[in-house]
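Here are a few friendly notes to go with the model. Have the viewer open as you read.

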Amino acid sequence: GENWRELVYMNEAGMPAIETIKAATTINATILKMEDKIGAIKEGFSADIIAVPGDPLQDLKVFGNVGFVMKEGTVYKYGQ
């Protein structure tokens with residue numbers, strides 16, 4: 001998808017990179033009142049994990065090049 005661009009736009013508007021990442025993870029979990037189930041990598045949580053080539057705190061555009069996706073323990077994408 002292209003929803004990663006929203007993080008870039010929020011950062012360009014002045015939101016620090018770490019805050020944009022939190023907005024997409026922990027803050028959304030809180031808004032949905034699901035912070036006891038999602039929003040963190042923690043035992044018993046429903047975890048979706050991605051890996052990107054680079055440091056998103058330095059360049060959020062790396063989210064446009066996801067090389068690894070794991071959802072609830074199942075790997076769906078590994079490599080390009």
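**Notes on salt bridges and the core**

1. Aspartate 48 and lysine 71 join their side chains in a salt bridge, 3.5 Å from N to O (a salt bridge is a side-chain nitrogen of Lys or Arg within 4 Å of a carboxyl oxygen of Asp or Glu). This pair ties together distant parts of the chain, with aspartate 48 in strand β1 and lysine 71 in strand β2, 23 residues apart. Helices (H or I, at least four residues) and strands (E, at least two) are DSSP runs, numbered from the N terminus.

2. A word on the source: this is a predicted model, where local features need pLDDT of at least 70 and side-chain atom pairs count only at pLDDT 80 or more, while totals for chains, interfaces and linings use all residues. Residues are numbered from 1 along each chain as its sequence is written, and side-chain values use heavy atoms, leaving out hydrogens and water.

3. By this rule there are 4 salt bridges. Another of them pairs lysine 22 with glutamate 19, with the closest N and O atoms 3.7 Å apart. These two are 3 residues apart in helix α2, so about one helical turn separates them.

4. The largest nonpolar core has 7 residues: Trp4, Leu7, Val8, Ala17, Ile21, Leu60 and Phe63. Such a core is a set of buried Ala, Val, Leu, Ile, Met, Phe, Trp, Tyr and Cys residues joined through side-chain atoms within 4.5 Å; buried means under 20% relative accessible area, exposed over 50%, partly exposed in between (1.4 Å probe, protein chains only).

5. Glutamine 58 sits in the loop between β1 (48-51) and β2 (68-71), and counts as exposed because its relative accessibility is 67%.
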